[in-house]
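Colleague: Pick one part of this model and give me a close look at how it sits against its surroundings. Spell out your cut-offs as you go.

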Amino acid sequence: HATVLRDGPLRVAAPGACMRCVDVVELVTEYAEGRLSPGERLRFQLHLGGCGGCRAYVRQMRATVRALG
């Protein structure tokens, strides 16, 4: 079945296109360094749009990187 994404205009993602929280954890460094493919970046951002826990995780990772210099 397709997943309806409710960010902005109504869009439908192909089955399997949605990223999971574990994927975000595994890809956060590549995301922060701009090393994801355009498709992976879009999936990452769509996941963040609907997952407050992962948004908080990414914010914390950014804060940690800033604090460490």
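Modeller: Let's start where α1 meets α3: C21, V24, V25, V28 and Y31 on the α1 side touch C54, Y57, V58, M61 and R62 on the α3 side, where a contact is a pair of heavy atoms within 4.5 Å. Bear in mind that this is a predicted model, with local features needing pLDDT of at least 70 and side-chain atom pairs counted only at pLDDT 80 or more, while totals for chains, interfaces and linings use all residues. Numbering starts from 1 along each chain as its sequence is written, and side-chain values use heavy atoms, leaving out hydrogens and water.

In that contact, α1 and α3 pack at about 30°, with axes 11 Å apart (lines fitted to C-alpha atoms over the stretch in contact, with angles from 0 to 180 degrees between N-to-C directions). α1 and α3 are therefore roughly parallel (under 35 degrees; over 145 is roughly antiparallel, 65 to 115 roughly perpendicular, the rest oblique). The crossing of α1 and α3 is right-handed (near helix turned clockwise from the far one by less than a right angle; anticlockwise is left-handed).

V25 is one of the α1 residues that meet α3. Its C-alpha atom is 8.0 Å from that of C54, although V25 and C54 are 29 residues apart along the chain. At 43% relative accessibility, V25 counts as partly exposed (20% to 50%; buried is under 20% and exposed over 50%, with a 1.4 Å probe on protein chains only).

So what is buried in α1? The residues are D23, V24, L27, V28 and Y31. Looking down the axis of α1, these buried residues fall within an arc of 160°, so they line one face of the helix (the arc covers directions from the axis to the C-beta atoms). They pack against α2 as well as α3.

In α1, C21, V24, L27, V28 and Y31 meet R41, F44, Q45, H47 and L48 in α2. C21, V24, V28 and Y31 also turn up among the α1 residues that touch α3. The axes of α1 and α2 come within 11 Å and cross at roughly 125°. That makes α1 oblique to α2, and the crossing of α1 and α2 is left-handed.

On the α2 side, the helix runs over residues 38-50, so to speak 13 residues reaching 19 Å from first C-alpha to last, close to the 18 Å expected at 1.5 Å a residue. F44, H47 and L48 are the buried residues of α2. Viewed down the axis of α2, its buried residues stay within an arc of 100°, so they line one face of the helix. What covers them includes α1 (21-32) and α3 (52-68). The face of α2 turned away from its buried side carries the exposed residues P38 and G50.

That leaves α2 against α3. F44, H47, L48, G49 and G50 in α2 meet G52, C54, R55 and V58 in α3. Here the axes of α2 and α3 come within 5 Å and cross at roughly 115°. That makes α2 roughly perpendicular to α3, and the crossing of α2 and α3 is left-handed. C54 and V58 of α3 are in contact with α2, and C54 and V58 also belong to the α3 residues that meet α1. As for α3 itself, the 17 residues should span 24 Å at 1.5 Å a residue, and the end C-alpha atoms are 24 Å apart, which agrees. Just past α3, G69 has a positive phi of about 80°.

To put the part back into the chain: there are 3 helices and 2 strands (DSSP runs numbered from the N terminus, H or I of at least four residues for helices and E of at least two for strands). From the N terminus, the elements run β-β-α-α-α. Of the 69 residues, 22% count as buried. Among contacts between residues at least 6 apart in sequence, 40% join residues at least 24 apart.

Definitions and conventions. Expected span 1.5 Å × (residues − 1).
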